[in-house]
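Subject: Structure handover

Hello,

Here is the structure I said I would pass on. Please look through it alongside the notes that come after it.

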Amino acid sequence: MGKLTLLHLLCGILIFWAVSVVKAEDPYRYFTWTATYGMASPLGTPQQVILINGQFPGPRLDLVTNENIVLNLINKLDEPLLLTWNGIKQRKNSWQDGVLGTNCPIPPNRNYIYKFQPKDQIGSYTYFPSTQLHRAAGGFGVLNVYARSVIPVPYAKPAGDFSLLIGDWYKTSHKALRQISDSGKSLPFPDGLLINGQKQSTFTGDQGKTYMFRISNVGLKTTINFRIQGHKMKLVEVEGSHVIQNLYDSFDVHVGQSLSILVTLDQSPKDYYIVASTRFTTTVLTSTSVLHYTNSQTPVSGPVPAGPVNQFQWSLMQARTIRWNLTSNAARPNPQGSFHYGKITPSRTILLANSAPLINGKQRYAVNGISYINPDTPLKLADHFNIPGVFTLDSIRSAPTADSPHLATAVLPSSLHEFLEIVFQNNEDTMQSWHLDGYDFWVVGFGSGTWTQASRKGYNLVDALTRHTTQVYPKSWTAIFVSLDNQGMWNLRSAMWDRQYLGQQVYLRVYNPTASLANEYGIPTNALLCGKAAALRHP
């Protein structure tokens, strides 16, 4: 009888433990942010900027893999606003992506509560306003996702962790810049560069110790080279992927990209320049900050270290050195290289060519001849409520055509679990940077001239980097592979915001006709409704 009682007790404990495990949820984090205007002098001249909780740049958002984020954004601007979480995949949840194709913008004096999760992600990311040209006024900030304590990382814990937002900047207000764009003109050359919203910052560390620097280009249109006087930089992570840990003297960071480096303070104790300078520009803009050794008695001195002399070829060769660390894990315990992307045959190829046409006498930017225009109704709402007249699935071809460029709401149809090859063809004599929401992708190839099927012979099918934003060099192409495992409506856009604003973007509709919460979450109960959806109710 005693043994039977003990057995029942043990069974009860096991059942309770099992139920507890099943019901266990990842932690919740709650934030309230208020967007306002304020005055600042980033380049020495007072100007209006966008503040988040009174800060420019906005608050640093430090998260841990799989945490549930509940963020109440209150809009106190005089225009509708959205924030997007650049690089956060929003698994099964494009409802929270924060772009005009998925969300109604938050009206002035209203709020919206974002609810999202950095599911199975680690790495360095950013957030910024996706509406209008608000990004030119600020509202951007750091978003870091740290590994859970039970997941190892392929480097020793650094003594400190610095985040640097680098980017070009205008003294002109975002509204004046918008008027320039709306009038059919290209934006002028930027007025300067900022590091963390300032002309100069100081980062302090102890001699002999190693520090992490997380670097993100949050500018509008310019590639930036980053370097630290007298110090080698060990690249360890790029947009959520651990990489082969090569050493660099300087590094090109293209618009919208993020990376993490380790720097050991192994030089004599003094102060050293931290330098950001523009690349591929006739006029070179430079911003400097200071790396200060705690035992330093000597200020920075000597000339500012020069950036690379060579132009595109140097940058291209550097890009090819960035390779996936196949034996390291990322957010999950299994090695990154356990997914053999190079052995999968793509289901189809999409070739996207950017261009800069004049349409109706005004400067626009286009993809396969289509310059995107935002409808009043977000595409995601139109899709969910079956609202006609918002978009069609034949609005853009999957390869360039000889048709005249024109305005349209471009949506590319695709199916859940497709494996795509996408080629970005850049026939212009300018640098390009492309970003895909909801995903990361393998950058399998760079090449000059026009892409052909023979170009595949040069693809890296073993250890290509996965990331969310890739550069395309002038008169060149870049090829990516992407596994469509995340259902939703996803923005594929130029990361160069003046080009995105004037039409260089499309949406990728990743669809499964069978509705299932296993594939995609339902519409949020607090979703804002606008346009043709304004009079509808949530189901």
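This is a predicted model: local features need pLDDT of at least 70, side-chain atom pairs count only at pLDDT 80 or more; totals for chains, interfaces and linings use all residues.

Four strands make up an open sheet, and their order across it is β3-β8-β7-β5. The pairing in this sheet is mixed. At the edges are β3, residues 61-64, and β5, residues 83-86, each of which pairs on one side only. On average, neighbouring strands of the sheet are turned by 25° against each other, with direction ignored.

Within the sheet, β7 (residues 123-129) pairs with β8 (residues 141-146) in the antiparallel sense, over 5 bridges.

The largest pocket

The largest pocket holds about 760 Å³ of space. It is lined by 29 residues, and those closest to its centre are K89, D120, R332, D440 and D485. By class, the lining of this pocket comprises 9 nonpolar, 11 polar and 9 charged residues.

The cavities

How many cavities of 30 Å³ or more does a search of the whole structure find? There are 6.

The volume of the largest cavity is about 100 Å³. Its lining has 15 residues, with F140, G167, D168, W169 and V218 the closest to the centre. Which strand gives the most to this lining? That is β9 (residues 160-169), which supplies 5 residues. The lining of the largest cavity divides into 9 nonpolar, 4 polar and 2 charged residues.

The second largest cavity comes to about 70 Å³. The residues around it are L82, W95, T102, N103, C104, Y112, L381, P524, A527 and L528. Of the residues in this lining, 8 are nonpolar and 2 are polar, and no charged residue takes part. The lining of the largest cavity, for its part, includes 2 charged residues, and that of the largest pocket has 9.

Regards

Notes
Residues are numbered from 1 along each chain as its sequence is written. Side-chain values use heavy atoms; hydrogens and water are left out. Two strands pair if DSSP finds at least two bridges between them. Helices (H or I, at least four residues) and strands (E, at least two) are DSSP runs, numbered from the N terminus. Axes are lines fitted to C-alpha atoms, for helices over the stretch in contact, and angles run from 0 to 180 degrees between N-to-C directions. On a 1 Å grid over the protein atoms alone, a cavity is a set of points where a 1.4 Å probe fits but cannot get out, and a pocket is an open set with protein on both sides within 12 Å along at least five of seven lines; lining residues have an atom within 4 Å of a point. Grid points are joined across faces, edges and corners, and a volume is the space filled by probe spheres set on the points. Ala, Val, Leu, Ile, Met, Phe, Trp, Tyr, Cys and Pro count as nonpolar, Asp, Glu, Lys and Arg as charged, and the others, Gly among them, as polar.
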